[in-house]
Amino acid sequence: LQEWAESGQRTHYQDIRNTHRDQGQDVHWFPNGQLHTRFDFRPQADTVSIEYYSDRGNLKRIQRRYARDGMYLVLDQREYFESGMLQRSVERRSPLPTALPTDWEMVEKGFNEAGVMMRFTIRTEREYQEEIYYANGIKGIARHLLDNHLQGRFEELDSLGRIRVRRSEE
């Protein structure tokens, strides 16, 4: 399946295999020919999707998939501000079917437009760790949950780093 703009520029290409859209590629271009989005659904594809802002070529989002240490399948997604600064990164690690059974893990980081980390989380099947930061980079909240119960210390700080709330559960 293909589509073209009035100028003759191809704007869409979709590879359909065995009557299934989700086994090939789906590509969109801006009218000027600049790549807008590309999705690659083939099983061995390492770059699953990529997206650009407008028609200037600034990267908006990229999603990659790869194996790590022969034990894990990693899905790595990064999103960018239009300025090119990293806005969010998410890495999800799942055990490969042939590996020993283990939990999945997801690490997420969020940034503001100045590049300051605003949020950091780690999640597994049983654990959740979170840190939230103020725009000046000072940690505002830190907590660690195990099976949805507080584990260790919970802290809430003001924007100058002074502790407002501290609670420990051991």
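Mentor: Start with Arg92, which sits over the face of Trp104, 4.3 Å from the ring centre. Then look at Arg93, which lies over the face of Tyr72 with 4.1 Å to the ring centre. Keep in mind that this is a predicted model.

How covered are the two partners? Phe39 has 31% relative accessibility, so it is partly exposed. Phe41 falls in that class too, because its relative accessible area is 27%.

While you're around there, have a look at Thr37, which belongs to strand β4, residues 35–40. What does Thr37 touch? Setting aside its neighbours within four places in sequence, it is in contact with Asp26, Val27 and His28, and also with Ile50 and Glu51.

Next, hop over to the loop between β12 (139–146) and β13 (149–150), where you'll find Asp147. Asn148 is in that loop as well. Most residues other than glycine have a negative phi, so these two deserve a look. Asp147 has a positive phi of about 50 degrees, and Asn148 has one near 65 degrees. As for cover, Asp147 is partly exposed because its relative accessibility is 38%, whereas Asn148 reaches 71% and therefore counts as exposed.

Now zoom out to the protein chain. It has 15 strands and zero helices. Its radius of gyration is 21 Å, well over the 15 Å that the globule rule gives for 170 residues, so the chain is more spread out than a compact globule. The C-alpha trace spans about 65 × 40 × 25 Å along its principal axes. How much of the chain is tucked away? Of the 170 residues, 31% count as buried. The accessible surface comes to about 10800 Å², and carbon and sulfur atoms account for 47% of it. Finally, take the contacts between residues at least 6 apart in sequence: 10% of them join residues at least 24 apart.

Methods:
Residues are numbered from 1 along each chain as its sequence is written. This is a predicted model: local features need pLDDT of at least 70, side-chain atom pairs count only at pLDDT 80 or more; totals for chains, interfaces and linings use all residues. Side-chain values use heavy atoms; hydrogens and water are left out. Buried means under 20% relative accessible area, exposed over 50%, partly exposed in between (1.4 Å probe, protein chains only). A charge sits over a ring if NZ of Lys or CZ of Arg is within 6 Å of the ring centre and within 35 degrees of the ring normal. Helices (H or I, at least four residues) and strands (E, at least two) are DSSP runs, numbered from the N terminus. Contact means heavy atoms within 4.5 Å. The radius of gyration is taken over C-alpha atoms; the globule rule is 2.2 Å times the number of residues to the power 0.38. Accessible areas come from the Shrake-Rupley method with a 1.4 Å probe; for residues, only the protein chains shown count as cover.
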